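Thanks for asking me to look this one over. Below are my notes, as numbered points you can check against the model.

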Amino acid sequence: MNAAVAEDPVAEELLRAEGVTKVFRTGVSEIEVLRGVNLSVSEGDRVAILGQSGVGKSTLLHLLGTIDHPSAGTVRFRGADLCSRTT
């Protein structure tokens, strides 16, 4: 008896960050919080963002959630560029 083997469907990419950089400017000084972050999250993925205090975890989440805009790079959701949208 031959049983059909079910193949895992190819997971659809939901979220992609490419070259994401965030720089905060205060007067004449600049603070580079994120530099060239790349991230890909596919349907069904579980993701944890870990790190010490002050390394940019919340900043990254704000950029991925479109609460803030990156200084450089792109954030895409289901292929749509979220950085080019205006509020």
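1. Which residue takes a positive phi in the hairpin of E3 and E4? Arg78 does, with phi near 50 degrees, and that hairpin has 2 residues between the strands. Arg78 is not a glycine, and it is found in the loop between E3 and E4. With a relative accessible area of 48%, Arg78 is partly exposed; here buried means under 20% relative accessible area, exposed over 50%, and partly exposed in between, with a 1.4 Å probe and protein chains only. As background, most residues other than glycine have a negative phi, and most peptide bonds are trans.

2. A word on ground rules. This is a predicted model, in which local features need pLDDT of at least 70 and side-chain atom pairs count only at pLDDT 80 or more, while totals for chains, interfaces and linings use all residues. Residues are numbered from 1 along each chain as its sequence is written, and side-chain values use heavy atoms, leaving out hydrogens and water.

3. On confidence, the average pLDDT (the predictor's confidence in each residue, from 0 to 100) is 88 for the protein, and 85% of the residues score at least 70. A contact means heavy atoms within 4.5 Å. Where pLDDT is low, the predicted coordinates should not be read in detail.

4. Now the overall layout. The protein has 1 helix and 4 strands, in the order β-β-α-β-β along the sequence. These are DSSP runs numbered from the N terminus, with helices (H or I) of at least four residues and strands (E) of at least two. Of the 87 residues, 22% count as buried. Among contacts between residues at least 6 apart in sequence, 50% join residues at least 24 apart.

5. How do the strands pair? Two strands pair if DSSP finds at least two bridges between them. E1 (residues 13-26) runs antiparallel to E3 (residues 72-77), joined by 5 bridges, and Thr21 stands opposite Ala72 in E3. E1 is also antiparallel to E2 (residues 29-42), with 10 bridges; there the bridge partner of Leu15 is Val41. E3 and E4 (residues 80-81) pair in the antiparallel sense over 2 bridges, with Phe77 opposite Ala80.

6. Two further positive phi values deserve a look. Gly27 has phi near 65 degrees in the hairpin of E1 and E2, which has 2 residues between the strands. Thr66, a residue other than glycine, has phi near 60 degrees. Thr66 lies in the loop between helix H1 (57-64) and E3, and it counts as partly exposed at 38% relative accessibility.

7. Beyond four places in sequence, the contacts of Lys22 include Ile31, Val33, Leu63 and His69.
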